[in-house]
Amino acid sequence: MKRRNFISYICFCLMALPLIFCSCNQKDDIEEIFTGKVWHWSGSYRTNNWQHDNNAALTLSREELGKINDSQDFYNITFKEDGSLEGRGERISFTGKWSADGKDHSLYIKLNHPGDDIGLGRQFIKEIQSAKFYRGDSRFIKLFNQDKNYFIQFYPQGFKKQ
């Protein structure tokens, strides 16, 4: 009986090894989510539940949404591995610093004074500056405000919504 328990214990330990040695490194997840691509603004939304935001309401007009999606060279942001970022609004480019915490999904973004863009470019920069939390993966990112009831969404540059 002792031998059987010992064998069961060994089997359990062997099955647990992959979980122990292959557990996710939060820094790796953050890098996979944010870095290595140019993110393009795809829309802005209001929601009442940041974790189940599929029923979010678009806050842009169809005309504004069309302008954003047709302007792949504008309304972009790139998060770099060294904690810096760069982006482009409608008429200006900007730089700054960023960091994220994979445990609580908090986000810190500090833009160097980007200047004063116009129209959608101004809104784009304002929404990035107000981002305090994130959700997403390597296919999309949602940057939420402090109250988690508003977010700006990004897809990798060149991605077209069907």
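**Note on the predicted model**

1. At 26% relative accessibility, Gly-66 counts as partly exposed, where buried means under 20% relative accessible area, exposed over 50% and partly exposed in between (1.4 Å probe, protein chains only). The place of this glycine is in helix 3, and although Gly-66 and Gly-43 are 23 residues apart in sequence, their C-alpha atoms are 9.8 Å apart in space.

2. Residues are numbered from 1 along each chain as its sequence is written, and side-chain values use heavy atoms, with hydrogens and water left out.

3. The secondary structure of the protein comes to four helices and nine strands, and these elements are DSSP runs numbered from the N terminus (helices H or I with at least four residues, strands E with at least two). Read from the N terminus on, the order of the elements is α-α-β-β-α-β-β-β-β-α-β-β-β. Of the 162 residues, 38% count as buried. Among the contacts (heavy atoms within 4.5 Å) with a separation of 6 or more, 56% come from residues 24 or more positions apart.

4. Strand 4 (residues 84-88) and strand 5 pair in the antiparallel sense over five bridges, pairing being assigned if DSSP finds at least two bridges between two strands. Within this pair, Glu-86 has Thr-95 of strand 5 as its bridge partner, and a hairpin with four residues joins strand 4 to strand 5.

5. Strand 5 is also joined by six bridges to strand 6 (residues 106-111), again in an antiparallel arrangement, and here the bridge partner of Trp-98 is Ile-109. These two strands form a hairpin with four residues between them, and in the turn His-105 has a positive phi of about 60°.

6. Which residues does Gly-96 touch, leaving aside its neighbours within four places in sequence? This glycine, which lies in strand 5 (residues 93-101), is in contact with Gly-83, Ser-84, Leu-85, Lys-110, Leu-111 and Asn-112. Gly-96 is buried, with a relative accessible area of 5%, and its C-alpha atom is separated by 7.3 Å from that of Ile-109, a residue 13 places away along the chain.

7. Asp-137 stands opposite Phe-140 in strand 8, and the hairpin that joins the two strands passes through two residues.

8. In helix 4 (residues 119-129), the buried residues are Leu-120, Gly-121, Phe-124, Ile-125, Glu-127 and Ile-128. Why are they on the same side of helix 4? They are placed there because they cover an arc of only 165° around the axis, the arc being that of the directions from the helix axis to the C-beta atoms. On the other side of helix 4, Gly-119 and Lys-126 are exposed. As background, an α-helix has 3.6 residues a turn, so residues three or four places apart point the same way.

9. Most residues other than glycine have a negative phi. Tyr-75, however, has a positive phi near 60°; this residue lies in the loop between helix 3 (62-70) and strand 3 (76-79), and it is buried, with a relative accessible area of 1%. Lys-148 likewise has a positive phi near 60°, but its loop is the one between strand 8 and strand 9, and at 25% relative accessibility Lys-148 counts as partly exposed.

10. A cavity is a set of points on a 1 Å grid over the protein atoms alone where a 1.4 Å probe fits but cannot get out, and its lining residues have an atom within 4 Å of a point. By this rule the count comes to one cavity of 30 Å³ or more, and about 40 Å³ of space lies in the largest cavity, a volume being the space filled by probe spheres set on points that are joined across faces, edges and corners. Ten residues line the largest cavity, and of these His-40, Ser-42, Asn-69, Tyr-155 and Phe-159 lie nearest its centre. Strand 1 (39-46) and strand 9 (150-156) each supply at least two residues of this lining.

Key. Predicted model: local features only at pLDDT ≥ 70, side-chain atom pairs only at ≥ 80, totals over all residues. 1 Å grid on protein atoms, 1.4 Å probe; cavity = no way out; pocket = protein on both sides within 12 Å on 5 of 7 lines; lining within 4 Å.
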